[in-house]
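Please look over the model below before reading on.

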Amino acid sequence: MVNFGFIGSAIVLLFVLIVLASAIKIVKEYERAVIFRLGRVVGARGPGIFFIIPIFEKAYVVDLRTQVLDVPVQETITKDNVPVRVNAVVYFRVIDPVKAVTQVRNYIMATSQISQTTLRSVIGQAHLDELLSARDKLNMELQKIIDEATDPWGIKVSTVEIKDVELPSGMQRAMARQAEAERERRARITLAEAERQAAEKLRDAAEIISSHPMALQLRTLQTISDVASDKSNVIVLTLPMEMLKLFRSLAETAEVAKKKLEEESTE
């Protein structure tokens, strides 16, 4: 009888210890425990140590840290009918653990699904140029839409980033040709602008030289000096400008005399 009594006491003591152990709960600083009492929510507890009523109360622990969700690659068509493959990353955290437990069955899966559908929808309403050059704008639009959709679940979406955009090989070649044509166009415009500026400077120089005859002679002498610096055999014959004027006046005089002789001979 004594042995049976001792065994019964040990069993009761063990049962009490198990009940006490199940009544003690400890959650970390970044966690909260949502308490259900007989199926009804009584609130969230933590961090630290707290007690629950065994059998009658149950605790669900929720992580409040920022979580990173990798959105799988989505195949969609842009507004200008270009097929693309896009993936993204979503940063979110639980701000209301009670709603995260009671309003949605699996808030991580739900956030993932709403992120995928929103990504396809937003990309389908954007042009390819916007997807490639205005990615910050699309990121903000995605963050706003997903955050509004997950707000009833107690989820706060802080950031959405489009990671990679895959284009068909044919589109990549077309874009490469377009970029090459654009660079060639800019090069031709730059060359034409340089030619125009050079022509303007030459025009200004010609006007200055025409108004100062000695400037042409000085320019000639400078050109001779530049040519003489080369070691190749170059022969340059120069005449003073006065000699050129003399030859011109003599030619004009001879022409006038010739015309007079012809008139006398005809008379």
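How many residues lie between β6 and β7 in their hairpin, and which residue in the turn has a positive phi?

1. Basis. This is a predicted model, in which local features need pLDDT of at least 70 and side-chain atom pairs count only at pLDDT 80 or more, while totals for chains, interfaces and linings use all residues. Residues are numbered from 1 along each chain as its sequence is written, and side-chain values use heavy atoms, with hydrogens and water left out.

2. The hairpin. Five residues separate β6 from β7, and the residue in the turn with a positive phi, about 65°, is N81. The two strands run antiparallel and are joined by nine bridges. Strands here (E, at least two residues) and helices (H or I, at least four) are DSSP runs, numbered from the N terminus. Strands count as paired if DSSP finds at least two bridges between them.

3. Overall content. The protein chain holds eight helices and eight strands. Of its 267 residues, 21% count as buried; the cut-offs are under 20% relative accessible area for buried, over 50% for exposed, and partly exposed in between, with a 1.4 Å probe and protein chains only. Taking contacts between residues at least 6 apart in sequence, 62% join residues at least 24 apart, where contact means heavy atoms within 4.5 Å.

4. Axes are lines fitted to C-alpha atoms, for helices over the stretch in contact, and angles run from 0 to 180 degrees between N-to-C directions.

5. Main core. The largest nonpolar core has 32 residues, and those with the most contacts inside it are V84, V86, Y107, L119, I123, L131 and I162. Two or more residues each come from β2 (31-37), β6 (67-77), β7 (83-94), α3 (107-124), α4 (128-133), α5 (135-150) and β8 (155-166). β7 gives the most, with six residues. Such a core is a set of buried Ala, Val, Leu, Ile, Met, Phe, Trp, Tyr and Cys residues joined through side-chain atoms within 4.5 Å.

6. Y107 and the second core. Setting aside neighbours within four places in sequence, Y107 is in contact with V62, D63, Q67, F92, V94, A100 and I155. A second, separate core has five residues, including V27, A33, F50 and I52.

7. Sheet β3-β2-β5. Another open sheet of three strands has the order β3-β2-β5, again with antiparallel pairing. Its edge strands, each pairing on one side only, are β3 (40-45) and β5. The twist averages 25° from one strand to the next. β2 and β3 pair over five bridges in the antiparallel sense, and the bridge partner of F36 in β3 is V41.

8. Aromatic pair. Which arrangement do the rings of F36 and Y60 form, stacked or edge-to-face? The pair is edge-to-face, at 5.4 Å centre to centre and 85° between the planes. The count comes to one aromatic pair by the rule that rings of Phe, Tyr and Trp (its six-membered ring) pair if their centres lie within 6.5 Å, with planes under 30 degrees apart counted as stacked, over 60 as edge-to-face and the rest as tilted. F36 lies in strand β2 and Y60 in strand β5 (residues 57-63), so the pair ties together parts that are 24 residues apart in sequence. F36 counts as buried because its relative accessibility is 16%, whereas Y60, at 38%, counts as partly exposed.

9. A59. This residue lies in strand β5 and is partly exposed, with a relative accessible area of 25%. The C-alpha atoms of A59 and F36 are separated by 6.4 Å, although the residues are 23 apart along the chain. Leaving aside neighbours within four places in sequence, A59 is in contact with A33, V34 and I35.

10. Charge over a ring. The charged end of R65 sits over the ring of Y30, 3.8 Å from its centre. The criterion is NZ of Lys or CZ of Arg within 6 Å of the ring centre and within 35 degrees of the ring normal.
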